Amino acid sequence: MFGKLVRDTWVEWAKKQENPKPHHLIPWEELDKKNKEVDELIGEAVFNASVDVIKETPTECHAHAWCEDCDYSTNFMPMSELFVKLCDEGGYITSDKEGGYLGQCPKCEGNLSFECD
Ligand SMILES: [Zn+2]
């Protein structure tokens, strides 16, 4: 399924080399069966590895926010929902340089604290 992509990438690389070997420049369409088979296998292996990476990526964290200056607090909810909720109410969330979150309380404009599960 991805053999052509593998071959196209290969040919593209080969074209940039000084004095590429002629058989390195053969396009997918003209490639012999054995070489096509190898490229298909490489494509499949990369595809499977990519799927594994995606599967292992944790789903979105749930978070809740509370204000340090007033009684404002939210329930645990997916980060994207919390983001929308705070924007709707006039506050905001932004991520800081350390990968954490900063936010402003929609009620009193104080600093929000966040906790993710
Ligand atoms: Zn507040």
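Predicted model: local features only at pLDDT ≥ 70, side-chain atom pairs only at ≥ 80, totals over all residues.
Start by selecting Trp10, which is placed in helix α1 (helices are DSSP runs of H or I with at least four residues, strands are runs of E with at least two, and both are numbered from the N terminus). Trp10 is partly exposed because 18 other C-beta atoms lie within 10 Å; on this scale a residue with 20 or more such neighbours within 10 Å is buried, one with 12 or fewer is exposed, and one in between is partly exposed, with C-beta atoms placed from the backbone.

Residues are numbered from 1 along each chain as its sequence is written.

Next, show helix α1 (residues 3-15) together with helix α2 (residues 33-56), whose axes come within 7 Å and cross at roughly 100°; the axes are lines fitted to C-alpha atoms, for helices over the stretch in contact, and the angles run from 0 to 180 degrees between N-to-C directions. The two helices α1 and α2 are therefore roughly perpendicular, given that angles of 65 to 115 degrees carry that label, those under 35 count as roughly parallel, those over 145 as roughly antiparallel, and the rest as oblique. To see the contact itself, select Gly3, Leu5, Val6 and Arg7 in α1, which meet Lys36, Asp39, Glu40, Ile42 and Gly43 in α2 (contact requires C-beta atoms, placed from the backbone, within 7 Å). Sorted by class, the contact of α1 with α2 has 3 nonpolar, 2 polar and 4 charged residues, where Ala, Val, Leu, Ile, Met, Phe, Trp, Tyr, Cys and Pro count as nonpolar, Asp, Glu, Lys and Arg as charged, and the others, Gly among them, as polar.

Now move to Asn19, in the loop between α1 and α2. Asn19 is exposed, with 5 other C-beta atoms within 10 Å, and its phi is near 45°, a positive value in a residue other than glycine.

Then colour the chain by domain: domain 1 covers 3-56 and domain 2 covers 62-116, with bounds that come from an automatic or database domain assignment. The C-alpha centres of domain 1 and domain 2 lie 47 Å apart.

Glu60 can be selected next, in the loop between α2 and β1. Glu60 counts as exposed, with 11 C-beta neighbours inside 10 Å, and, not counting residues up to four places away in sequence, Glu60 touches Pro78, Met79 and Ser80.

Continue to the largest nonpolar core, made of 7 residues: Ala63, Ala65, Cys67, Leu82, Leu86, Cys105 and Leu112 (such a core is a set of buried Ala, Val, Leu, Ile, Met, Phe, Trp, Tyr and Cys residues joined through C-beta atoms within 7 Å). Both β1 (62-67) and α3 (79-89) supply at least two residues of this core, and β1 gives the most, with 3 residues. Centre on Cys105, whose contacts beyond four places in sequence include Cys67, Tyr72, Gly91 and Leu112.

Finish at Glu109, in the loop between β4 (101-104) and β5 (111-116), where phi is near 65°, again a positive value in a residue other than glycine. Glu109 is partly exposed, with 13 other C-beta atoms within 10 Å.

Definitions and conventions
Contact = placed C-beta atoms within 7 Å.
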